[in-house]
Amino acid sequence: QKPQCVIDAMVDHLERHNANVARAMHQLGAESSEAFETARDVVARFIGAPSRDEVVFTKNASEALNLVANTLAW
């Protein structure tokens, strides 16, 4: 239930670049962080956001909705 390009990207990451994003001080961490930031750039362009800093990835819809609700409550 995922497009093949998503599956291919996930397999590539797990086989070649599997590391924590923005935490590791080694080559795999740098590669993962670069891919993550590139994805934020692509999404920002797609939705018309002024920068990647406007794009936040969450693990699921509940986390995203709670983040929005808590932010608006402030």
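**Reading the side chains and the pocket**

Guide: Gladly! A search of the whole structure finds one aromatic pair. Its members are F36 and F57, with ring centres 5.4 Å apart and planes at 80 degrees, so the pair is edge-to-face. Rings of Phe, Tyr and Trp (its six-membered ring) pair if their centres lie within 6.5 Å; planes under 30 degrees apart are stacked, over 60 edge-to-face, and the rest tilted. The two residues are 21 apart and link distant parts of the chain: F36 sits in helix α2, F57 in the loop between α2 and α3 (61–73). Helices here are DSSP runs (H or I, at least four residues), numbered from the N terminus.

Visitor: What kind of model is this, and how are residues numbered?

Guide: This is a predicted model, where local features need pLDDT of at least 70 and side-chain atom pairs count only at pLDDT 80 or more, while totals for chains, interfaces and linings use all residues. Numbering runs from 1 along each chain as its sequence is written, and side-chain values use heavy atoms, leaving out hydrogens and water.

Visitor: Is F36 buried, exposed or partly exposed?

Guide: Buried means under 20% relative accessible area, exposed over 50%, and partly exposed in between (1.4 Å probe, protein chains only). F36, at 30%, is partly exposed, and F57 is partly exposed at 39%.

Visitor: How many salt bridges does the structure hold?

Guide: Side chains of opposite charge can pair when their charged atoms come close. The cut-off is a side-chain nitrogen of Lys or Arg within 4 Å of a carboxyl oxygen of Asp or Glu. The structure holds six. D12 and R16 form one, with closest N and O atoms 3.0 Å apart; these residues are four apart in helix α1, so about one helical turn separates them. R16 also bridges to E15, at 3.6 Å. A network of salt bridges links E37, R40, D41, R52 and D53.

Visitor: Which residues line the largest pocket?

Guide: A pocket is an open set of points on a 1 Å grid over the protein atoms alone, where a 1.4 Å probe fits, with protein on both sides within 12 Å along at least five of seven lines; lining residues have an atom within 4 Å of a point. Here A9, M10, D12, H13, L14, H17, V21, S32, A35 and F36 form the lining. Helix α1 supplies the largest share, six residues.
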